[in-house]
Amino acid sequence: MDFFRVLWDDPDDLDGNVEHIAEHGLTIDDVEEVLENPTSEGHSNSSGLPCLWGYTPDGRYIIVVCEVIDEDTIRVVTAYDVPEPF
């Protein structure tokens, strides 16, 4: 997935993506590490949105679900821990 910009909501927005990933114990830095260095890409089975999988700096394996805003921009919808592939 090629993009140059990630849209993040205001950290104080209780319904925003920053708060949502925090509910899963993740930070912007965790998610951006996976966005920059994914181990695989695909689409969400439930939403059909693009996804990236990879490792956070502390070694957690996560999925990042995004929506494409335009050819250069994505917005993170959610991110959470998933089992590592075998």
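Is Y61 buried or exposed in this predicted model? Y61 is buried, because its relative accessibility is 7% and the limit for that class is under 20%.

**View 1. The aromatic pair of Y55 and Y61.** One aromatic pair turns up in a search of the whole structure. Y61, at 7%, counts as buried.

**View 2. The open sheet of five strands.** Read across the sheet, the strand order is β1-β5-β4-β3-β2, with mixed pairing. The edges are formed by β1 (5-7) and β2 (40-43), each of which pairs on one side only. From one strand to the next, the twist averages 35°. Strands of a sheet pair through backbone hydrogen bonds, and the pairing can be parallel or antiparallel.

**View 3. Strands β3 and β4 side by side.** Strand β3 covers residues 50-55, and strand β4 covers residues 61-70. The two strands are antiparallel and share five bridges. L52 has V64 in β4 as its bridge partner.

**View 4. Helix α2 on the sheet.** Helix α2 spans residues 28-36 and packs on the sheet. The strands touched by helix α2 are β1, β3, β4 and β5 (73-81). The direction of helix α2 makes about 75° with that of β4.

How values were computed. Residues are numbered from 1 along each chain as its sequence is written. This is a predicted model: local features need pLDDT of at least 70, side-chain atom pairs count only at pLDDT 80 or more; totals for chains, interfaces and linings use all residues. Side-chain values use heavy atoms; hydrogens and water are left out. Rings of Phe, Tyr and Trp (its six-membered ring) pair if their centres lie within 6.5 Å; planes under 30 degrees apart count as stacked, over 60 as edge-to-face and the rest as tilted. Buried means under 20% relative accessible area, exposed over 50%, partly exposed in between (1.4 Å probe, protein chains only). Two strands pair if DSSP finds at least two bridges between them. Helices (H or I, at least four residues) and strands (E, at least two) are DSSP runs, numbered from the N terminus. Axes are lines fitted to C-alpha atoms, for helices over the stretch in contact, and angles run from 0 to 180 degrees between N-to-C directions. Contact means heavy atoms within 4.5 Å.
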